[in-house]
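Biologist: I would like to learn how to read a few features of a protein model, beginning with the residues around a pocket. Could we go through them slowly?

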Amino acid sequence: MDDDADQQHLTAAPGYAQGQLAKAFTTALTHEDADTRRRAEGRVRRWRAVLAGMAGGLLSIGSRTPVAGLPAWVTPEVVHGGFATGTPSAGGPLQPYETRLAERFGVPADRRALFAHCLTDSGLTWLWGQLNSGRYEVTVPEEGALLTMAWLVRHGETAAALDLVAELEPFADQLRFLPRPSTGRPAPDVTDALHRRTVADTVDRLVRRRPNAAVETQREALAVWQPFGDELLSHWLETTGGEGGRVLELVPDADWLERGAGLLSRYRQLAEEHTHCGKHRDPKQNLGILRGALEETVAGRVLDARRLGLLRHAVASMVRRRGLPGSAPHTELRRVQRAQAALPSHHALAQVLVGRLAGLPQESGIADLTPVLAPVSEPEQRETGLPAGAQLPPVLRRVIEGALSAPVSTLVERGVVPSSEVLAELVPQLVAVATARSYDDPTLRTLMAANYRAFRNRRSLLLLNLERQVRIEELPWVRAVSAQRGDGTAETALLLRQLGELAVQAFPGTILPNPLVRELGVLARQSKLGAPLVEELAADIFMDAFGPKFLVAAGIAGELLGGSLYERYYGIDYGAIRDLAITEASESADRGRADGAGPRTSPGFARLCAERAAAASSAPDRSTSGSSSGSRVAANGKVIEQSQILTTHNLATLVHRVGIAPEPGWADLARRCFGTVCRLTARVHRNPWPYPTIKDTAYAWRQLVFHLSLCPPAEQRRVLDELDTEVTRHPAHVTARLAPALAGLRLVADEGTFAPDGTADEGRARRLLGWTTDGHWLATDPTAVGTKGS
């Protein structure tokens, strides 16, 4: 959850956990898939533990130390919503590797005995061997603790090692502090190459692919039943007495009947062997009519008038649609269909890819995709029967490309990283590299990189009362080697700038997601740039308070945007914000001298956001259904939105303090933001619950205004003209909905102003905001007949 998510000493109620337990219980009982039921059973167990812990006082949900008796650095098991279950992630029953190590060391199979053994000469020798080889895994940070202790001992830092052991020892019987030995390749080198999925993950995806029933049905129809239908048709055409004759003008002779019986026998064999397509069994389909009439005739029964009429109609329609069997058009059609049916299935090609990937390292990505994506080779043809030269379809190519190992900019460029949320999943690997490179010793560098990767898998807790998530520097073993870190500020500042530019340039119409903000925040602290990055706060648990960094971020925005289009459009007085920051800094200094503690909140900033939210209430649109009127969450969202407006939600900090300068420039980013605005606005049309989409539209619009504000005035006017033209290329309801927003932006660009409620020119120009408690004007279709004005 967010670092500054809530305050006023709140406690979490059990209602949410009870609802999640009920959902998991229902799924575990009723879902048709066995794997899904099994996973739901695990969720039932964990949610029961949450509720039992809350009822028994073991758990304090909302605290950064949610489990009684465990310090903040212990990695908790966390379920959906940030609820700790009470079980440490490094706890539970002994892992198989721990049991094997106990047997190897000749000690009892319990964690305290393993811990004690690692403090002996032989135990330290084993740990040093692990450090040297790099053949270990750290899946939770605790598994790197004893390796760190061993490194300290080897390098003469005995006092630090003893202090670390003393801090870990009380939990030696609960937590696993030993690394997982690996028989595979050494721990990954510190590298800039990233991958979204490993080879093993990719193989698993390919193995789980099943033949597509619809495709296999079509393939069977083309390869089996249409050719058989041609044979039946040709057989009946022998009874017409000439090309223009009618079926059964000639009485079938014994030879015809015998060959017909052979066709029926072959039909029964084909129907037994080929079961995907069932159309041939339908007595109303042409093939079923021809076959049924043949069965009657071969059995010696005379066709009645109805069946004879159906037979003649079926024969005539088949000839009319495809031509006579053996004719040039008919032959060409069947040739094309045979070629289509002969194409290898996606399932078969996926098995070829599984074979290709089997020879690659399984726990890494793929540096060179060319040999993996090559057409089917002749040796593969001999092994599988698939045609040599067959190309891989796009759907399988995308699965393989997900394992590409390359710089993150390449992954974004190739579409392997399609969103800022996916980018946030990969960035911890880069931050781990930057963090580890500040350690001079190569074995410690590798260990700290593994430790960081494991730490970033730690799920965020639900935090109340303005508590913040545990930082990696708080882990005792990281703190124990902090003196070994060199000055990596230049490198981390460079990485921060590169990642900030990449995120803003690649996804200009979306705000930075919280996981990405947190990773960039680590780099910002390490680079010492004075660049506070703020998270998006959760409206459902917000309680009217902001941490001090929000006011600092707003002050940075004022330094960049004072007097700009952005300041005028959103009606901000950045001078007043600067004065507020000076006043609060002075007051907090006085309080700090008095009680020795720094400020936890910025009351002035919270008050300013609340005042702006109240003043910005748009004129209600009573014609909009599904209004969020009276919603506490929506009211909170309006206040949070104002904080994002004042701070630019990190854009100003990235530009002014970090120094990002995305290519090909701010005007291009503004145009691309408008494309996102139009795309999202189109989704509002006939949407029964449009408010989440409207919120995202307003976020993209705010990004547009920011980027446009960094352009010179002449370029601003040029871009505005382009937007007026661009919007007309979209459906009429999009053009009409966005007309007030565009009019409002041009109004401010021409030095005009909005009224306090964000309207101008009798409502024909509006300031576009996302959150509302009264229904939103963007939800109403102005092109609809009978629509009332708002």
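Modeller: Let us begin with classes: Ala, Val, Leu, Ile, Met, Phe, Trp, Tyr, Cys and Pro count as nonpolar, Asp, Glu, Lys and Arg as charged, and the others, Gly among them, as polar. By that scheme, the second largest pocket is lined by six nonpolar, seven polar and five charged residues. This is a predicted model, in which local features need pLDDT of at least 70 and side-chain atom pairs count only at pLDDT 80 or more, while totals for chains, interfaces and linings use all residues. Residues are numbered from 1 along each chain as its sequence is written, and side-chain values use heavy atoms, with hydrogens and water left out.

Biologist: Which helix gives the most to the lining of the second largest pocket?

Modeller: Helices are DSSP runs of H or I with at least four residues, numbered from the N terminus. Helix H9 gives the most, with eight residues, and helices H9, H11 and H12 each supply at least two.

Biologist: Is Thr-697 buried or exposed?

Modeller: Buried means under 20% relative accessible area and exposed over 50%, with partly exposed in between, using a 1.4 Å probe and protein chains only. Thr-697, which lies in helix H30 (residues 691-709), has a relative accessible area of 0% and is therefore buried. Contact means heavy atoms within 4.5 Å, and, leaving aside neighbours within four places in sequence, Thr-697 is in contact with Val-677, Leu-680, Thr-681, Leu-768 and Leu-778.
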